[in-house]
Amino acid sequence: MYYHYMQSPVGRLLLAGDGAGLSRISFPTGKKPYAPEPGWQENPEALQPVMRELDAYFEGRLKRFSLKLALNVTPFQEKVLRALQDVPYGQTVSYGELARRVGNPKASRAVGMANARNPIPIVIPCHRVIGSSGRLTGYGGGLEIKQTLLDLERRHA
């Protein structure tokens, strides 16, 4: 597994991946900051495609990522994370609506848990999920980062 820290408008991001694809983006703040695991090798060159796409996203030039992803999640979580990728840039969806989109309208809590376990935020846009009242709800990097990402997308939509 390769890793590298990248500076971004939302702070320093830990990127990790291997030949199968990107497997983690972690914020330096929030409930569960992630650190490189023993045996991981720092290799910025291996993560150049990720950094290029993230830079383009933060500059408002990229609306949809094309990176290979290496998800290590349950089948339900994968279904939720795939549905998240269909939420258009600059738009939001409620947990309830996302539950309906994955075919389980009563599973908004389970959808919220799958969303909270998203190992690749920003690329898989869990920041686009809000409460049914329209209020911002939890985010792994903190609500300030969630708001920053939503504001960035609204400016460039």
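1. Strand β1 connects to β2 by a hairpin of two residues. β1 covers residues 2–8 and β2 residues 11–18; the two run antiparallel and are joined by seven bridges. Within this pair, Y3 sits opposite A16 of β2. Strands here are DSSP runs of E with at least two residues, helices are runs of H or I with at least four residues, and both are numbered from the N terminus. Two strands count as paired if DSSP finds at least two bridges between them.

2. The model is predicted: local features need pLDDT of at least 70 and side-chain atom pairs count only at pLDDT 80 or more, while totals for chains, interfaces and linings use all residues. Residues are numbered from 1 along each chain as its sequence is written, and side-chain values use heavy atoms, with hydrogens and water left out.

3. A hairpin with two residues between its strands is also formed by β2 and β3. Their pairing is antiparallel and runs over five bridges. G17 has L22 in β3 as its bridge partner.

4. The protein chain splits into domain 1 (2–59) and domain 2 (75–156), with bounds that come from an automatic or database domain assignment. The C-alpha centres of domain 1 and domain 2 are 20 Å apart. Domain 1 puts 14 residues into the contact and domain 2 puts in 16 residues, where contact means heavy atoms within 4.5 Å.

5. Between them, domain 1 and domain 2 bury about 1300 Å², and 69% of that lies on carbon and sulfur atoms. Buried area is the accessible area (1.4 Å probe) that two parts lose on being put together, summed over both. On the side of domain 1 that touches domain 2, β3 (21–26) and α1 (48–58) each supply at least two residues. β3 gives the most, with four residues. The residues of that side of domain 1 comprise eight nonpolar, three polar and three charged; Ala, Val, Leu, Ile, Met, Phe, Trp, Tyr, Cys and Pro count as nonpolar, Asp, Glu, Lys and Arg as charged, and the others, Gly among them, as polar.

6. How many salt bridges cross the interface of domain 1 and domain 2? The rule finds zero there. It requires a side-chain nitrogen of Lys or Arg within 4 Å of a carboxyl oxygen of Asp or Glu.

7. The structure as a whole holds seven salt bridges. One of them pairs D86 with R64, with the closest N and O atoms 3.5 Å apart. This pair links distant parts of the chain, 22 residues apart: D86 is in the loop between α2 (75–84) and β5 (93–94), and R64 is in the loop between α1 and α2.
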